[in-house]
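I opened the model today to look up how its secondary structure packs.

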Amino acid sequence: MGRLLDSQGFKKLFLIGSFLAMAGILLYIIFAQKLSIALIVIFHVMFMTGFSMMYNNSMTIGLQQLEVMHIAGSPYQGQSKQVVMGSQAAFIVLFIFTLLIFACVLRLIKRDKQGLVKNK
């Protein structure tokens, strides 16, 4: 999708991506009572292709807008090195959030074993 973003720009990809995602979901709705494995696969591929066209590229465009992508590196480094350092900083933040989520999941499992979680 990145190559398409570079060659086509984001507008076309977002339009096609949103159309594919909406079409996949709409087809699920229309054929909900007649779904076969083949239809599920086709509709899912449509939805996920559209989702990938939008999500991956919006992440790329969004990250380009963040100052952290440039401030993490030294101003004496090249711009590509600054972006790499900024990306690494963003991944560290994401990793910390993921650790927090993991800790919450472990706590929930512990509470469930103690019978403190309501499942109904």
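I took helices (H or I, at least four residues) and strands (E, at least two) as DSSP runs, numbered from the N terminus. The expected span of a helix is 1.5 Å times one less than its number of residues.

Ground rules next. This is a predicted model, where local features need pLDDT of at least 70, side-chain atom pairs count only at pLDDT 80 or more, and totals for chains, interfaces and linings use all residues. Residues are numbered from 1 along each chain as its sequence is written, and side-chain values use heavy atoms, with hydrogens and water left out.

**Entry: overall make-up.** I found five helices and zero strands in the chain. From the N terminus on, the order reads α-α-α-α-α. I then checked burial (buried is under 20% relative accessible area, exposed over 50%, partly exposed in between; 1.4 Å probe, protein chains only). Buried residues make up 12% of the 120 residues. I also looked at contacts (heavy atoms within 4.5 Å). Of those between residues at least 6 apart in sequence, 48% join residues at least 24 apart.

**Entry: helix 2.** I looked up its length. Helix 2 covers residues 10-30, 21 residues in total. Its first and last C-alpha atoms are 30 Å apart, close to the 30 Å expected. Its buried residues are L13, G17, A21, A23 and G24. They sit on the same side of helix 2, because they cover an arc of only 160° around the axis. That arc is taken from the directions from the helix axis to the C-beta atoms. The face turned away from the buried side carries the exposed residues K11, L15, F19, M22, I29 and I30. I noted M22 in particular: its relative accessible area is 54%.

**Entry: helix 3.** Helix 3 has 29 residues, which should span 42 Å; I read 41 Å between its end C-alpha atoms, which agrees. F43, G50, M53 and N57 are its buried residues.

**Entry: packing.** What do the buried residues of helix 2 pack against? They pack against helix 1 (2-8) and helix 3 (37-65). The buried residues of helix 3 pack against helix 1 and helix 2. I fitted axes as lines to C-alpha atoms, for helices over the stretch in contact, with angles from 0 to 180 degrees between N-to-C directions. The axes of helix 2 and helix 3 come within 7 Å and cross at roughly 150°. That makes helix 2 roughly antiparallel to helix 3; angles over 145 degrees count as such.

Definitions and conventions
Parallel < 35°, antiparallel > 145°, perpendicular 65-115°, else oblique.
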